[in-house]
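Let's take a look at one protein model together.

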Amino acid sequence: MKLRDRVVVGFCLSLVLVTVLFVVDLQNENNRRLANVENVVVVSGSGDGGTGDVGIGMHGRSDRTRVASHAQSVWNAAWSTLMPFRAVAPDAAATVSYQSRSQRLNVPQPYQQYRARTAAEDYPAVPDPHVDDRFTDLVVRLSESDSSVPHRGSAIDWTIVKDVIVDDTYNDGTTSNEYVVEYLEAASKSNNTSLTVFHSRISKRELYPENDTYVPLILKAMSGLPILSVSQKEGGTQLKLIIEYLNGDKALMKPMRFSREQQTLPNHFYFTDYERHNAEIAAFHLDRALGFRRAMPVSGRLVNITSELMAQVTSSDLLKTFFVSPDRNMCFHGQCSYYCDTSHAICGNPDMLEGSFAAYLPSQDVLERKTWRHPWRRSYHKRKKAKWETDPNYCEIIRNVPPYNTGRRMLDIMDLSVFDFLMGNMDRHHYETFILFGNDSFPIHLDHGRAFGKAFQDEPSILAPIIQCCHIRKSTLEKLLSFHNEKKLSERLRESMAEDPLTPILWEPHLVALDRRVGFVLQKIRECLLAAAAAAVKSNEDAASFLIHGNSGDKDEETDNKHSNSTIKKEEVATGTKINS
Ligand SMILES: Nc1ncnc2c1ncn2[C@@H]1O[C@H](COP(=O)(O)OP(=O)(O)OP(=O)(O)O)[C@@H](O)[C@H]1O
Ligand SMILES: [Mn+2]
């Protein structure tokens, strides 16, 4: 071989060698990167001290592997019970590999992308203009003897009522009442649970009496009794499970999706907001603290998705939505119209999951309910407005139609508006009542999953019924004043919710917001009283002018309303209302 040929061959050989070395190095680099990605997934999980981000947890890999293989065997067992003719269950691991690419690269779930600010200090402080206001004008107004209050215990004719503060109790402080079944009669029956006794004591004016001893028993049972069967609740937009306990009682479970500090996403409407299990729990406590007692008892509970939920599932449709995530957490998504798919799955940590458990209402076969459209319902449309948002006289329409033109319903709608405003719930589209008690009965407070979504923003439009109608039940106003001037609402709720197994139930800024919003409602009532007083003065002047001049008033003279906030005279407020007994 000539020297030139040798040089060419040598050059080619060294080129091949360099290429081989380059390829080997590239492969090593790839392996190193993949290892890093896996580390990131594990490290971010172990660094998160929150109460349960979807798919990220504090448990080690071996825990998860154990969960996955345990889940596989439970799943196989559950599937063979449901589908006796199908020998082999679809492989849960297949779901894992199907999902794994995006998960291995740690692609965030759609709703996780927005998880940014999680510390209260990250948000601007919300001013509370009423923090030092004692609302003495309202206190004085309430302390005055109410011999002139025209509605005691009567069926109020709302077409003419002008009073702001309305007392619908009898002189002895009670309202008329009837019970589903007398307590002693029900208690004498055998095999009663606390919930069935509770059902038998539901009355025309409330679900349970003040300081009821059955409520704590029901809460305890729901958070501890073994679960016998699990199915999906049909209807509604988001996933809910019907839980049946060993003693035959039932509960409606809403699962946890987010940690407590997760706020409503800024670009979400009230009707696309995710439901929060802790809002259901907190709403029960708030309803009770306000003295309404119109919400069923709700308890938190930490459940094992594999052994307590999946193993007890009674339908294959629900069972087939369970899977093990790439991070080896147990997940499921159920079937519903919003957020029931793989990318919105509910995942355990690795298989433990928080949920709210609401005691079940009596079956409709026993105690039928009627559903009413809420008169101040929102449009549930991203561009349209509801009539009440554009018509300042909307309340005049409502007060003239049944069931709002007589009885207690108008005051119940005002109560509901206070309740929803305090917890920021804009999702009050319907309400239900027990048919047995007729129209003069309370609305059941149901469905609070979308409350407590915005701690740093108050939503005055929720108070529209109060602002537009200017009525409030006397007992509700008394409660609000005591929450403001005596023991704070936040303090009462903190104590009440401390009993729950999942305590703390609310993120601290929500408790701060509750106290701030109490002051806001009181201010609105004050404004109503001032407006009513001004209207009374005006009508007195018009009457006097008519007597003197024989016409309907001196049009040139403007009424100068200079009432101070401190005292409003009773006779100025009580205008021409009539007793209707
Ligand atoms: N504690 C309960 N016991 C029995 N039934 C209940 C209970 N709570 C709610 N329900 C029934 O289940 C229905 C759906 O519940 P809920 O409104 O909480 O779910 P949702 O998914 O938020 O529904 P929607 O999308 O209609 O607002 C209610 O309208 C009510 O009829
Ligand atoms: Mn709802």
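Lys254 has 28 C-beta neighbours inside 10 Å, so it counts as buried. Keep in mind that this is a predicted model. You'll find Lys254 in strand E4, which covers residues 250–255. Leaving out residues up to four places away in sequence, Lys254 touches Lys240, Glu275, His277, Glu280, Gly355, Ser356 and Gly449.

Why pick this residue? The UniProt record, an unreviewed entry, places the feature "binding site" at several positions, including Lys254, Gln238 and Glu275.

Now for Gln238: is it buried or exposed? With 20 C-beta neighbours inside 10 Å, and 20 being enough to qualify, Gln238 counts as buried. Gln238 sits in the loop between strand E2 (227–232) and strand E3 (241–245). Setting aside neighbours within four places in sequence, its contacts are Glu275, Cys336, Tyr338, Tyr339 and Gly449.

Here are the two side by side:

| Residue | C-beta neighbours inside 10 Å |
|---|---|
| Lys254 | 28 neighbours |
| Gln238 | 20 neighbours |

On to the helices. Helix H8 (residues 277–289) packs with helix H16 (residues 489–497) at an angle of about 120 degrees, and their axes are 10 Å apart. H8 and H16 are therefore oblique to each other, and their crossing is right-handed. Which residues of H8 and H16 meet? From H8 come Ala282, His285, Leu286, Arg288 and Ala289, while H16 brings Leu489, Arg492, Leu493, Ser496 and Met497. Sorted by class, this contact has six nonpolar, two polar and two charged residues.

Methods. Residues numbered from 1 in each chain as written. Chains lettered and ligands numbered in written order. Predicted model: local features only at pLDDT ≥ 70, side-chain atom pairs only at ≥ 80, totals over all residues. Axes fitted to C-alpha atoms, helices over the stretch in contact; angles between N-to-C directions. Helix = DSSP H or I, 4+ residues; strand = E, 2+ residues; numbered from the N terminus. Parallel < 35°, antiparallel > 145°, perpendicular 65-115°, else oblique. Left-handed = near helix turned anticlockwise from the far one by under 90°. Contact = placed C-beta atoms within 7 Å. Nonpolar A, V, L, I, M, F, W, Y, C, P; charged D, E, K, R; others polar. UniProt positions renumbered as here; feature names shortened; annotations may be inferred. Buried ≥ 20, exposed ≤ 12 C-beta atoms within 10 Å, placed from the backbone.
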